[in-house]
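Student: I am new to this structure and would like to know what stands behind the words used for it. Can we go through the terms one by one?

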Amino acid sequence: MKTIKKLLFVFVCIVIAAGCKNADYRKTKGGMPYKIYPGKGTQKVKVGDFIRLELTQKANDSVLYTTGGKLPIYLQVTATPNPYDISEVWTSMNVGDSIVATQMIDTFIARSPQSVPPQFKKGDRILTYAKITQVFANDTLARLDDEKGRKELSVVEIKDVEKYLADKKITAQKTPSGAFVQIINPGTGNLVDTGNYVSVNYTGTTFSGVTFDSNTDSAFQHVGPYPFVAGTGAMIKGFDEAVMLLRKGGIAKVYIPSMLAYGANPQSPKIKPFDHLIFDLEIKDIQEKMPTRPEMPQPPNVQKIDAPQQR
């Protein structure tokens, strides 16, 4: 797989090359400048196809999004593409082709100012590099390819975390899906089970040491044990599986590969796409099931009496 660094290097090289050959740029019907770099493929993209893309977008010098050579994007090619958008060009490309496109924020402001996100300003531009790596005739085939890619990435990530733990001489227990739990204090009583109502304290950091959330640090403004129903998908999978190895009072450090956390779509700006995470975790309480909320008292059944009519 390509690394993010390698993908961005290729992207920058193409953009520089494109900048030196502005005469080679064409414009879509919607007015977007673009240039296609032909690959060796001969399979033409058609309306209705599902395409698999490696993609990087930059706003000026900042990366907005990148597949990073890890999980590609899957899109369906429609007969009505968006104007001033890269979707206008798909049917002009073959499998293996790459494209560089430029979108000016000034154009978006002029056409639809209310749709422009506040972080963009006049003079900004968005550069997009995309490469079509495969075409599928239907969404079933695209979904199967996506599932295969996710499984392969999960295997790679688990190995990455295993190496991290080995390098630091950390002994940890592996959960069924591939998170790793370093049990510091197992706690007492029964293990957490599916359906139990669990209250936890936690602090989450990335492998690079950035703290992105905590319910014990007042800086994050939500101090206090966090309750959830275990084993029901209320938490990210790596976290959910980790609590099953602990009892009340249990303390552990949990190492979670990104595919068992937030993957390509982190929930915090402090987490980068495909960041592996570490949670310091403490089980504060375990109840067999979620407590039922007391019913609100019903108002008394008072018959309305009309006011006497004046005579």
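Tutor: Helix 3 covers residues 139-167, 29 residues in total, and spans 42 Å between its first and last C-alpha. Helices (H or I, at least four residues) and strands (E, at least two) are DSSP runs, numbered from the N terminus. This is a predicted model: local features need pLDDT of at least 70, side-chain atom pairs count only at pLDDT 80 or more, while totals for chains, interfaces and linings use all residues. Residues are numbered from 1 along each chain as its sequence is written, and side-chain values use heavy atoms, with hydrogens and water left out.

Student: What makes the span of helix 3 close to the expected one?

Tutor: The expected span is 1.5 Å times one less than the number of residues. For helix 3 the expected value is 42 Å, and the helix reaches 42 Å.

Student: How do you know that Asn138 caps helix 3?

Tutor: A side-chain oxygen of Asn138 lies 3.1 Å from the backbone nitrogen of Thr140, at the N-terminal end of the helix. After the helix comes Lys169, with a positive phi near 55°.

Student: Which residues of helix 3 are called buried?

Tutor: Among them are Ala142, Leu153, Ile158 and Leu165. Buried means under 20% relative accessible area, exposed over 50%, and partly exposed in between (1.4 Å probe, protein chains only).

Student: Why is the pair Arg143 and Asp139 called a salt bridge?

Tutor: The term requires a side-chain nitrogen of Lys or Arg within 4 Å of a carboxyl oxygen of Asp or Glu. Between Arg143 and Asp139 the N to O distance is 3.3 Å, so the pair counts as a salt bridge. The two residues are four apart in helix 3, which means about one helical turn separates them. Arg143 has a relative accessible area of 43% and is therefore partly exposed; Asp139, at 35%, is also partly exposed.

Student: What is the distance in the salt bridge of Lys163 and Asp167?

Tutor: Their closest N and O atoms are 2.9 Å apart. Lys163 and Asp167 are likewise four residues apart in helix 3, about one helical turn. Lys163 and Asp167 are both exposed. The whole structure holds 10 salt bridges.

Student: How do you know that Lys253 and Asp280 form a salt bridge?

Tutor: Their side chains meet at 2.5 Å, N to O. The pair links distant parts of the chain, as Lys253 is in strand 13 and Asp280 in strand 14 (residues 277-287), 27 residues apart.

Student: Why is Lys253 called partly exposed?

Tutor: Its relative accessible area is 24%, so the label is partly exposed. Asp280, at 31%, gets the label partly exposed too.

Student: Which residues beyond its sequence neighbours does Lys253 contact?

Tutor: Contact means heavy atoms within 4.5 Å. Leaving aside neighbours within four places in sequence, the contacts of Lys253 include Phe180, Val181, Ile278 and Asp280. Val181 is 72 residues away along the chain, yet the C-alpha atoms of Lys253 and Val181 are 5.9 Å apart.

Student: What makes strand 9 and strand 13 a pair?

Tutor: Two strands pair if DSSP finds at least two bridges between them. Strand 9 and strand 13 have five bridges, in the antiparallel sense, and Ile183 stands opposite Ala252 in strand 13.

Student: How many bridges join strand 8 and strand 9?

Tutor: Strand 8 (residues 173-174) and strand 9 (residues 180-185) are joined by two bridges, also antiparallel, so they count as a pair. Five residues lie between them in a hairpin, and Gly178 in the turn has a positive phi of about 120°.

Definitions and conventions
A polar contact is a pair of N or O atoms within 3.5 Å; within protein, one must be able to donate a hydrogen and the other to accept it, and residues adjacent in sequence count only if both atoms are side-chain atoms.
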